[in-house]
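Hello,

Here is the model I promised to pass on, with some notes to read beside it.

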Amino acid sequence: MAKFVERVFSGVQPTGNLHLGNYLGAIAKFVELQKIHDCIYCVVDLHAITLPQKPDELRASIREVTAAFIACGIDPKKHIVFNQSQVGEHAELAWVFNCVARLGWLNRMTQFKEKAGKDRENASVGLYAYPCLMAADILAYRATHVPVGEDQKQHLELARDVAQKFNLDFAASIAAHGHGEAFFPLPEPLIQGQATRVMSLRDGSKKMSKSDPSDYSRINLSDDADTIAQKVRKAKTDPEALPSAIEGFKQRPEAENLAGIFAALNGETKEDVLKTFGGGNFSTFKSALVDLAVAKLGPIGAEMKRLKDDPAFIDGVLVEGAGRARAIATKNMAMVKDILGFVR
Ligand code: AMP
Ligand code: TRP
């Protein structure tokens, strides 16, 4: 495999209610990675319209995710922050990948099955082709590392398959155009840490999600201290004490979830959490979790609120970021066109 410049890419959908799962599974890692990599963080509005969206809400959500990125500590001057629809190459490369990926690959995508539900005939074609667009997002920048939560693993594997098939199908042309043996890197998923799958606070078998009808199932990044405290106190637990060792979490998904959240927020492991709280009751643990969550998330919520009042600033960040993203994507797309045999 040829050597590629290391570059991080990830995306978050602007579909409302950014929550603790998005923060711990993705955005907190985005912040860490900026210390050692060149990073591109994208608000994926083209992905959002695979399901119906109200235009005014979509516009507000794009700004909200951008505000969350900045409030969490992403630096849009050093790195690139933009919304997907401003860079036409995403859609353009996605079309190419629609012709590279096989129907059989997309048929296996579990998220499509979940999101399409029973009435599959009525799902949008975009929802079905979504993983090809995601592959295009990453590969338009020939990004090498992709931080995501556990639920995106299968889509990342598909992106790797697309990259590999393109490299093989066009190997001769890729070599003839001076790119050696591979044009696209095989992007590596970064799914690490204590909270790659944060579960609902009401049901430890369900993922914390933007679309859960119960607001008590999740902690939103925009929640104030009182709301965070209420949600943690009401979070489902069981009647027993916290276990003293990890094995004690078997059949106790709610207990494990809260311990994982505490660990991730405090930069430690679940073992560490049990060293402090194992054998104790939930009310003591929950009080500590409230303090920790409020200390970590309170300032983020406050900064998001401040940024919300300045949409012109947010829009400026997106336009500027899109310009820098476009400069990279246009060059890569031109090379893709040459490799494919398009005249330009
Ligand atoms: P989405 O809101 O679906 O665009 O997700 C944005 C990012 O947050 C992706 O990297 C997801 O994998 C991650 N994510 C979403 N929900 C969770 C969760 N409950 N736990 C951990 N990561 C999550
Ligand atoms: N599909 C991702 C999600 O729903 C968002 C996404 C779109 C993404 N394009 C991406 C994530 C590229 C990583 C890389 O969470």
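Which residues line the largest cavity? They are Met-109, Gln-111, Phe-112, Lys-115, Leu-127, Tyr-130, Pro-131 and His-155. Helix H6 (110–116) and helix H7 (125–139) are the elements that give two or more residues to this lining.

Before going further, some housekeeping. This is a predicted model, in which local features need pLDDT of at least 70 and side-chain atom pairs count only at pLDDT 80 or more, while totals for chains, interfaces and linings use all residues. Residues are numbered from 1 along each chain as its sequence is written, chains are lettered from A and ligands numbered from 1 in the order in which they are written, and side-chain values use heavy atoms, with hydrogens and water left out.

The overall picture

The protein chain has 14 helices and five strands; helices (H or I, at least four residues) and strands (E, at least two) are DSSP runs, numbered from the N terminus. Its C-alpha atoms fill a box of roughly 70 × 45 × 45 Å along the principal axes.

Cavities and the pocket

The structure holds two cavities of 30 Å³ or more. On a 1 Å grid over the protein atoms alone, a cavity is a set of points where a 1.4 Å probe fits but cannot get out, and a pocket is an open set with protein on both sides within 12 Å along at least five of seven lines; lining residues have an atom within 4 Å of a point. Grid points are joined across faces, edges and corners, and a volume is the space filled by probe spheres set on the points.

The largest cavity contains about 60 Å³ of space, and its lining divides into five nonpolar, two polar and one charged residue. Here Ala, Val, Leu, Ile, Met, Phe, Trp, Tyr, Cys and Pro count as nonpolar, Asp, Glu, Lys and Arg as charged, and the others, Gly among them, as polar.

The second largest cavity has a volume of about 50 Å³. Its lining consists of nine nonpolar residues, with no polar and no charged ones; among them are Leu-20, Leu-201, Ile-219 and Val-232. H11 gives the most to this lining, with three residues.

The largest pocket has about 1000 Å³ of space. It is lined by 41 residues, and Gln-13, Lys-115, Asp-151, Gln-152 and Lys-207 lie nearest its centre. The lining divides into 16 nonpolar, 17 polar and eight charged residues, and its largest share, five residues, comes from H1.

Helix H11 (residues 253–266) packs against helix H12 (residues 270–277) at about 105 degrees, with the axes 8 Å apart. That makes the two helices roughly perpendicular. Axes are lines fitted to C-alpha atoms, for helices over the stretch in contact, and angles run from 0 to 180 degrees between N-to-C directions; under 35 degrees counts as roughly parallel, over 145 as roughly antiparallel, 65 to 115 as roughly perpendicular and the rest as oblique. Glu-256, Ala-259, Gly-260, Phe-262 and Ala-263 in H11 meet Lys-270, Val-273 and Phe-277 in H12, where contact means heavy atoms within 4.5 Å.

Some single residues

Lys-165 lies in helix H8 (residues 153–169). Leaving aside neighbours within four places in sequence, Lys-165 is in contact with Val-100, Arg-102 and Trp-105.

Arg-142, in the loop between H7 and S4, has a positive phi of about 45 degrees although it is not a glycine. Gln-251, in the loop between helix H10 (225–234) and H11, has a positive phi near 65 degrees and is likewise a residue other than glycine.

Best wishes
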